[in-house]
Amino acid sequence: MNFSELFKLSGLLGRFSPDGKCLASCVQHRLVVRDASSLQLLQLYTCLDQIQYIEWSSDSLFILCALYKRGIVQLRITVWSLCTKSVSYIKYPKACQQGVVFTKDGRYMAVAERRDCKDFISIFVCNNWQLLRHFDTETQDLSGIEWAPNGCVLAAWDTCLEYKVLLYSLDGRLLSSFRAYEWPLGVKSIAWSPSSQFLAIGSFDEKVRILNHVTWKKITELDHPATIASKKTIVYKEVEKSPTVDTERLSFPPTRELASSLFSTKSKYDISQVPVSLQYVKPVADRANPKVGVGMLAFSADNCFLATKNDNIPNAVWIWDIRKLKLSVVLEQLCTIQCFQWDPCQPRLAVCTGTSRVYLWSPAGCMVVQVPGEGDFQIVSLSWHSSGDSMVLLSKDNFCVCYLEREEVK
């Protein structure tokens with residue numbers, strides 16, 4: 001692997017363009033656009049205030065910058081046409097976890113609404129912003145909506161106080177309603193498989209339930225126990241060790257390079273023998289938003305694997321083989337999992353834990369990669385390039401690009 005130099009960053013705002021040609025990043029009120037391969041500066045824009053959100057247009061020709069501090073309260077959605085310069089307004093949008101979503105092909109937009117103390121969903125045709133369907137939902141307090149990748153089914157889920165997942169067709173028909181249990185805290189996260197065949201639901205009871213696209217019934221339930229007992233599951237444990245120093249060749253004062261190595265530690269993966277007890281954190285029951293349940297989950301691009309994180313066991317990533325519906329691998333890290341993301345082209349998972357290391361897993365094995373350089377570069381987020389041959393690594397104040405060698409990409 002090769003790494004670029006560190007560049008300044010604010011707000012974790014670093015995004016590759018959809019066509020993979022550019023990389024946009026923000027430093028306070030400035031928007032910086034670079035060439036994705038050479039990182040040469042292409043454009044520098046200055047805004048009136050600090051940029052707090054950016055998003056590329058699907059054709060990579062425009063970048064939206066949000067300056068929330070300059071905003072005013074508006075109980076509506078405004079749609080600006082960049083082609084005809086016309087303006088459309090959508091009333092009563094609901095401020096929820098995920099209230100506005102587009103289909104992958106960009107043809108339809110679904111909006112969660114709240115009026116007269118009831119939840120509704122409106123579906124719009126994006127080429128003319130005409131209302132296609134408007135219907136109420138059987139929810140107490142709609143929390144989010146998400147289109148299937150094929151754009152044929154819309155999933156909606158209720159507040160965490162009410163376990164309910166509703167599945168609607170494009171014309172607004174209720175296809176199915178799923179409820180795993182009644183009284184405890186309910187849905188925490190949701191993810192569609194890229195093929196739209198499976199819907200994974202992460203719950204506060206530390207389980208993932210997978211629904212199939214034919215009957216919309218549960219086909220399996222994936223538990224996250226604190227002890228891994230199955231011999232068919234490989235547990236990779238990150239271990240850390242300090243470098244050994246030849247005291248006979250130690251000079252004083254030590255060189256800068258030697259001084260840096262003396263205080264640096266390296267890590268690697270060891271395969272643990274089962275049974276393995278993972279670090280389990282007991283949640284505080286009397287506080288809001290308890291760290292309990294499956295809060296992160298994502299399918300691999302080939303639909304074969306599902307990666308999950310149970311917030312009770314914050315240092316572990318669980319990798320499930322969807323073909324066998326079995327737990328395949330557990331990555332036990334030294335620090336809390338901050339982010340993981342699948343390579344968009346092959347079954348390869350990148351993980352970061354708030355350290356200067358990147359962790360990669362594929363069916364062939366896993367590895368630890370130390371980001372070179374001086375200073376404390378703590379990676380808290382990452383994002384793959386659309387080609388899968390590089391990724392941007394983000395810390396609170398900096399970012400760099402990691403380039404994978406060609407033999408590593410294959």
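Colleague: How many bridges join β32 to strand β33?
Modeller: This is a predicted model. Strand β33 covers residues 357-362. β32 and β33 run antiparallel. The bridges joining them number three.

Colleague: Which residue in the turn between β32 and β33 has a positive phi?
Modeller: The two strands form a hairpin, with four residues between them. The positive phi is about 80°. It belongs to Gly 354.

Colleague: Which residues of β32 point the other way from Leu 349 and Val 351?
Modeller: In a regular strand the side chains alternate between the two faces of the sheet. β32 spans residues 349-352, and Leu 349 and Val 351 point one way. All four residues are buried. Pointing the other way are Ala 350 and Cys 352.

Colleague: What is the bridge partner of Cys 339 in β32?
Modeller: Strand β31, residues 339-342, is joined to β32 by four bridges. The two run antiparallel. They form a hairpin with six residues between them. The partner of Cys 339 is Cys 352.

Colleague: How many disulfides does the count come to?
Modeller: A disulfide is a covalent bond between the sulfur atoms of two cysteines. The cut-off for a pair of cysteine sulfur atoms is 2.5 Å. By this rule the count is zero.

Colleague: Which cysteine has the sulfur nearest to that of Cys 96?
Modeller: Cys 96 is partly exposed, at 22% relative accessible area. It is in no disulfide. The nearest cysteine sulfur is 13 Å away, and it belongs to Cys 160.

Colleague: Which are the edge strands of the six-strand open sheet?
Modeller: The order is β25-β24-β30-β29-β28-β27, with mixed pairing. The twist averages 20° from one strand to the next. An edge strand here pairs on one side only. The edges are β25 (266-272) and β27 (294-299).

Colleague: Which residue in β29 stands opposite Phe 305?
Modeller: β28 covers residues 305-310 and β29 covers residues 316-321. They pair in the antiparallel sense over four bridges. Opposite Phe 305 is Asp 321.

Technical notes. Residues are numbered from 1 along each chain as its sequence is written. This is a predicted model: local features need pLDDT of at least 70, side-chain atom pairs count only at pLDDT 80 or more; totals for chains, interfaces and linings use all residues. Side-chain values use heavy atoms; hydrogens and water are left out. Two strands pair if DSSP finds at least two bridges between them. Axes are lines fitted to C-alpha atoms, for helices over the stretch in contact, and angles run from 0 to 180 degrees between N-to-C directions. Buried means under 20% relative accessible area, exposed over 50%, partly exposed in between (1.4 Å probe, protein chains only).
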